[in-house]
Amino acid sequence: MKTYNITLLPGDGVGREVTEAARRVLSATDELFEYDIRFTEKPIGGAAIDATGDPLPSDTLESCIASDAVFLGAVGGPKWDGGTRRPEEGLLGLRKNMGLFANLRPVKVTAATIAHSPLKAEIVRDVDMLIVRELTGGAYFGAKTRDATSASDLCIYTVEEIERVARVAFRAAMRRRNHVTLVDKANVLETSRLWRDTVTRIQKAEFPRVALEYVLVDTAAMRLIQKPRAFDVVLTENMFGDILSDEASMLPGSIGLLGSASLGAGGPGLFEPIHGSAPDIAGKDLCNPTGAILSAAMLLRYGLGRTDEADAVEAAVAAVLASGRSTTDLGGTESCSSFARAVVDALRHTYGMSANRTHWGMSTA
């Protein structure tokens, strides 16, 4: 029996609740498809600051690097505002140390979610896009200065950084509809001009069958609302991708619906819902675990190479939503834990797994 080691990083706020939901679904799939997942839980973010003074303890990083895949809940919260260390340092450091340069955020509007979108149905119907965000460069990682009267964040990109994430986007487009939209600010920023030149060269030399379109970031923000179906694969830099993917999360109706995968050239990937720690509802079993469960499906697909299992989880989530069951952010009555149980029940119903075969065991260290 194949064994996989997964490091769980619940983090802060609702992170622990959605991580538990994802773990339950992953545990169900390992019983159903007869492989073995072993979980190890480690602290990150504010929880790690409280425990060790460091948002990314060395023991956490070592466990992540040694794993087959890593699942993260959420980091951050007002509790740590004004401190000498911020929880977000843990996540940024993890991405950098694991070499995770490409963030994949799929955005899909289905028949089950279309009624929850704040936009008209005719605008969002059949939206299916993938946002590919560069993850370890740009202003988030550049040198930072601040004094009493000014502050700066240096935005730097190298040709190599752009090339490698561009290839991820073009390869993804070849499995989809062969169209990449490069989002930049090339009319103003020199880094964006380097992006445009580099991506154009890669497209012409390596991916001539994939259409390449250039859209300025402000225009892209408008088009996401005006005609989102026009997008297939969206390729962009770190900060633009962070902002646009959160905007795009509203197309299906809730930021709680979207998952993500952060991948590098090799080694384990990092999988996480795109929402934050939501400290106002933490511990109340109210958060939407859909994004976390779909991140678990991406973990199966991209992290472990278990395509059938990923398909099964995605189908189970779709079935539960199609049945009308949803959490309060979508106007439903399900709790975080009850929605996760419903997804597991859907897996059992479809694949004939008996209840007494499912275990929720986890090793902690």
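The protein carries 40 positive and 46 negative side chains, with the centres of the two sets 4 Å apart. Here Lys and Arg count as positive, Asp and Glu as negative, and His and the chain ends are left out; a charge is placed at NZ of Lys, CZ of Arg, CG of Asp or CD of Glu.

Keep in mind that this is a predicted model: local features need pLDDT of at least 70, side-chain atom pairs count only at pLDDT 80 or more, and totals for chains, interfaces and linings use all residues. Residues are numbered from 1 along each chain as its sequence is written, and side-chain values use heavy atoms, without hydrogens or water.

Now the whole protein:

| Property | Value |
|---|---|
| C-alpha box along the principal axes | roughly 60 × 50 × 40 Å |
| Buried residues (under 20% relative accessible area, 1.4 Å probe, protein chains only) | 53% of 365 |

There are 12 helices and 13 strands, taken as DSSP runs (H or I, at least four residues; E, at least two) numbered from the N terminus.

Helix 12 covers residues 336–351; at 1.5 Å a residue its 16 residues should span 22 Å, and the end C-alpha atoms sit 23 Å apart, which agrees. That expected span is 1.5 Å times one less than the number of residues. Its buried residues include F339, V343 and L347. Among what covers them are helix 1 (15–32), helix 10 (290–303) and helix 11 (307–322).

Notes: Buried < 20%, exposed > 50% of the residue type's maximum accessible area, 1.4 Å probe, protein only. Contact = heavy atoms within 4.5 Å.
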